[in-house]
Every structure is written in structure tokens, then in C-alpha cells.
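Please examine the sequence and the coordinates before reading on.

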Amino acid sequence: MSQIPRLLRRLAGAAIAMTVALVAVGPPSAHAADTSAPTVPGNFGGSINCALVLTLHWSASTDDAGVVGYDVFRSVNNEAFAFVRTTPATTFSESLQGIVKYQVRARDAAGNVSAFTAPAGIVPPPCPAPTDRQAPTTPGAISISVGCPAAVTLNWGASTDNVAVIGYDVYRSIGNGPFTSVATTPTTTFTEPLQGIVQYEVRARDASANVSAFTAAVTVVPPPCPAPDTQPPTTPGTPSASGTTRSSTTLTWAPSTDNFRVAGYDIYRATSSGTFAQVGTAATNSFTDTGLVPRTTYRYQVRARDGAGNVSAFSAAVAVTTRRG
């Protein structure tokens with residue numbers, strides 16, 4: 001009978017050890033929220049034509065979740081750099097504002113921003129004296145439309161000119177401040193995110209740098225938009241493998257749900273003892289991984305992503321061993 005307590009203590013110790021082991025090999029936890037900034041835009045530069053329209057250009061940044069836009073900042077007459085606008089493209093155009101310098105940074109959906117490019121000063125080329133001194137007509141009245149997330153689209157009637165209209169200068173005033181240039185566009189429409197209660201005015205420009213009078217200013221008020229989506233999708237089901245060959249396998253899993261919609265899935269893979277790394281994405285709850293090594297064990301886990309960039313926790317991992325060669 002005296003052996004029973006000792007036996008119970010041994011059994012309890014074994015149970016604790018089993019519990020620790022189970023915790024150690026349990027499903028991996030979700031990756032942290034996206035805090036990784038995009039890379040700095042490359043090859044930043046620009047040019048000015050004889051119509052005094054400046055165009056900036058740069059090479060695209062990269063990001064683990066995707067770059068959504070570029071913030072353009074301007075310094076006029078060696079004053080402090082000030083925000084101009086965010087553009088989804090890798091180019092930006094506006095009329096010359098004096099002695100100017102520009103710098104650009106990238107932005108992702110989570111609000112992370114890259115470091116700025118080195119400032120670039122753009123020098124006008126030597127241009128002949130213009131012979132055309134007739135300005136274009138004033139553009140037609142501006143019409144506006146706003147949407148959610150808060151963004152505004154401007155449209156106006158085209159100007160005419162004795163030679164040709166080459167573009168339109170868009171100016172913006174924030175909070176009753178001074179009007180400043182935000183873009184020069186070759187079309188009669190312009191779209192950007194709203195910066196609060198703002199006013200806009202537009203003028204036309206020809207190839208000899210003649211400009212029209214400004215349109216009457218229009219005021220834009222942000223609409224009552226719903227709060228941003230911060231709810232992640234539910235965790236996908238544990239993947240299961242099928243059709244495994246010596247070099248490929250197909251994974252399927254129970255789909256996630258989301259308060260809006262699931263945009264896709266990120267698939268991560270590791271060897272039997274390695275760390276997980278992303279190997280692909282899928283729009284549906286199925287993914288085929290190829291280029292695998294025969295007689296090798298891989299582990300897979302999956303997470304869901306919604307249209308706002310929210311990601312779910314990772315699924316439990318599944319181990320898959322490829323067939324012999």
C-alpha cells in the first residue's frame with residue numbers, strides 16, 4: 001500500500017510532461033499585425049517641359065502586404081517640405097511652383113510608410129521665347145461626387161485654345177487656407193482622398209505656358225462614412241492534403257468567413273524542422289504546391305485575408321510527406 005502514493009506521483013509527473021509536450025507542438029500562433037514598412041521608392045527623378053509642367057517618376061516599392069500609394073511632398077523656395085497628395089501611380093505631374101524640391105514615400109494598407117527618397121530639385125530646360133500669348137478659355141463649372149472611403153472626384157467642362165490645351169492645373173484649399181497646386185492632369189477629371197472640408201479650383205494650360213482664369217471654387221464636405229473595417233476573418237480550417245506526388249501536393253481547407261468578405265488566403269510552408277515562409281496565395285480554399293523534393297516532409301498552415309488587409313489567425317499545421325522518387 002505504501003507504493004501507491006509514489007506511483008500516483010509518478011503518474012502525475014508523466015501527465016505534466018505530456019501536457020508540456022502537447023503545448024510545445026500545438027498549432028502555431030497567428031502572426032502579429034502588419035508592422036512592416038514598404039521599401040523606399042527607387043530611381044526618383046523628374047523633368048519640366050516648356051509648358052512649365054513638372055513630371056516626377058520613380059520605381060515601385062515592395063511590401064509584404066502590398067503598396068497602396070505614394071505620398072508626394074514639396075518644398076517651395078527652400079521652405080519646409082509639405083504634403084501635396086497621395087497617388088496610386090509611380091508618376092506625378094503639376095505646374096511649376098517656383099524653385100521646388102520633392103520627396104516621395106510609399107504607403108501600405110496598414111498605414112506603414114517607408115523612409116523618404118532623397119530630395120530632388122527639378123530644373124527647367126532652356127526654352128525659346130513663346131510666340132503664342134493667347135490663354136485658353138476658362139474651364140466649365142466643376143461638378144463633384146464623393147464616396148466612401150472618403151474620396152472626391154471632380155469633373156469640369158473642357159477649355160478651348162487657339163493652338164491646343166495640354167492640361168489642367170488643380171488647386172486645393174484645406175480649412176479655408178491658401179489654394180495650392182495638387183496636380184496637373186491632361187483630362188477633365190481628377191480624383192483624390194478627401195483631406196477634410198476642402199475647396200477646389202481649376203485652370204487650363206497650353207503648350208506655351210499660357211494659363212486661363214480659374215473656375216469658381218467649389219466646396220467639398222466629407223460624407224458620413226462607416227468606420228474602417230478592422231475585423232479579421234475567422235481562422236481557416238486545418239488543411240488536408242490530397243493527390244500528393246513526388247513533387248507536388250494539393251491542399252484544401254474549410255473556408256473562413258468575414259463581416260464583409262474574404263479576399264483570399266496566404267499559404268505558408270516549412271520543412272519538418274524549419275520556419276514557416278509564405279509560398280503562395282489563393283483566391284479560394286484550395287492550393288497546389290509544386291516543385292517539392294521527393295521523400296520530404298513539409299508542414300503547411302493557412303490564414304485568411306479580407307479586402308481591408310485584416311488577416312486571421314493561422315490554421316493548425318498539417319504535415320505532408322511527398323512520395324519516393
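Which residues do ring pairs link into a cluster? In this predicted model, the cluster consists of Phe-44, Trp-58 and Tyr-70, joined by ring pairs.

Strand β3 covers residues 67–76 and is joined to β4 by five bridges in the antiparallel sense. Within this pairing, Arg-74 stands opposite Ala-82 of β4.

## Sheet β11-β10-β13-β14

Another open sheet is also built from four strands, here in the order β11-β10-β13-β14, and its pairing is antiparallel. From one strand to the next, the twist averages 30°.

Strand β10, residues 165–174, runs antiparallel to β11, and five bridges join the two. Asp-169 has Thr-184 in β11 as its bridge partner.

## Aromatic pairs

How many aromatic pairs are there? The count comes to eight, with ring centres required to lie within 6.5 Å. Among them is the edge-to-face pair of Phe-73 and Phe-116, with a centre-to-centre distance of 5.0 Å and 85° between the planes. This pair links distant parts of the chain: Phe-73 belongs to strand β3, whereas Phe-116 lies in the loop between β6 (100–108) and β7, 43 residues apart. Phe-73 is buried, because its relative accessible area of 12% falls under 20%. Phe-116, at a relative accessible area of 31%, is partly exposed.

Why is the pair of Trp-253 and Tyr-265 classed as edge-to-face? The ring centres of Trp-253 and Tyr-265 are 5.4 Å apart and their planes meet at 70°; the pair is edge-to-face because that angle is over 60 degrees. Trp-253 is located in the loop between β16 (249–252) and β17 (262–271), and Tyr-265 in strand β17, so the pair ties together parts 12 residues apart in sequence.

Are these two residues buried or exposed? Trp-253 counts as buried at 4% relative accessibility, and Tyr-265 likewise counts as buried at 5%.

Note on methods. Residues numbered from 1 in each chain as written. Predicted model: local features only at pLDDT ≥ 70, side-chain atom pairs only at ≥ 80, totals over all residues. Heavy atoms only, no water. Pairing = 2+ DSSP bridges. Phe/Tyr/Trp six-rings, centres within 6.5 Å; stacked < 30°, edge-to-face > 60°. Buried < 20%, exposed > 50% of the residue type's maximum accessible area, 1.4 Å probe, protein only. Axes fitted to C-alpha atoms, helices over the stretch in contact; angles between N-to-C directions.
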